[in-house]
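User: I am new to this structure. Please show it to me, and then I will ask about the terms.

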Amino acid sequence: MMSSVVTRVPVFAANWKMNKLVREAPEYVERLNALLGELYSALSFEVLIAPPATHIQSVSASLQGLPIKVAAQNCGTARAGAFTGEISPAVLKELACQWVILGHSERRHIFNEEDSLIASRLRAALEEGLNAVVCVGEVLQDRKAGKTFKVIESQLALFNSAKGAFQPSLLRRVVVAYEPVWAIGTGENATPQEAQEVHAFIRNWLSEKVSPEEATAVRVVYGGSVKAENSGQIMAQKDVDGLLVGGASLDPNTFAAIIKNGLKTRLPGAPI
Ligand code: PGA
């Protein structure tokens, strides 16, 4: 019988948002690497740091030779052109940035980014060869009204309009992040069961709209008030493949503890 063991590589992302000075970046990278160094050789997992765009070059330079990757917090809808204030995905590549976070709830709610705009950004990012963490999540009002799945489903449809994103080779470069808006920066995380329920819904949706193979391969990560105290329980859920961490990722010691606790439950018996 063929083994049904799922081999999705866990991924942990630190979203710095609009925090830290450029000169603080190298020390953070050095510390994180010192804390995770030995684990890299023993286990298979990915770590991303998403600093403000102004810090990418410095973070990339500090990361040279390390397995940690740098991610941008957004990107433009084209390689170049009259788009004041936007950042070209081609330039991100030039700065050794391989990942970009798109559709974060702060972009959606503070800056009114809609699914159609996020889809254009995703298309441009994928065309440029970047990997993308695409965020979805419901606000509290939707959850209370029992509309969580409806909202998630309508947000997932952006893959449809980001031409080509459904192609298996491209979709494998996408990580879906479930970030309930009511849990972001509030200290109130979704329970592991609540997270699992939505993650399973997302995987099911991918299975129906794309293919069962892609649904099995694509990673779905959780974000929203993740801390060292809850990362293990959340990562113990079978459809949770990683974590997108905001506030608690600003301290490399805390971020490393989140990763270690998460890996302990995800990879039982691993030497952590
Ligand atoms: P938080 O943010 O961990 O501070 O809740 C998560 C995110 O916005 O990605």
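Here are some questions about the terms, with answers.

Analyst: This is a predicted model, where local features need pLDDT of at least 70, side-chain atom pairs count only at pLDDT 80 or more, and totals for chains, interfaces and linings use all residues. Residues are numbered from 1 along each chain as its sequence is written, and side-chain values use heavy atoms, without hydrogens and water.

User: What makes β1 and β8 a pair?

Analyst: Two strands pair if DSSP finds at least two bridges between them. Strand β1 (residues 11-15) and strand β8 (residues 242-245) have 4 bridges, in the parallel sense. Therefore they count as a pair. Phe12, for one, has Leu243 in β8 as its bridge partner.

User: Which strands form the closed barrel?

Analyst: The barrel has 8 strands, in the order β1-β2-β3-β4-β5-β6-β7-β8, with parallel pairing. Neighbouring strands are turned by 25° against each other on average, direction ignored.

User: How do you know where α1 bends?

Analyst: The bend at a residue is the angle between axes fitted to the seven residues ending there and the seven starting there. In α1 a kink of about 50° is centred on Leu36.

User: What makes a residue of α1 buried?

Analyst: Buried means under 20% relative accessible area, with a 1.4 Å probe and protein chains only. In α1, Ala25, Tyr28, Val29, Leu32, Leu36, Leu39 and Tyr40 are buried. They pack against β1, β2, α2 (56-63) and α13 (252-266), with contact meaning heavy atoms within 4.5 Å.

Conventions: Helices (H or I, at least four residues) and strands (E, at least two) are DSSP runs, numbered from the N terminus. Axes are lines fitted to C-alpha atoms, for helices over the stretch in contact, and angles run from 0 to 180 degrees between N-to-C directions. Buried means under 20% relative accessible area, exposed over 50%, partly exposed in between (1.4 Å probe, protein chains only).
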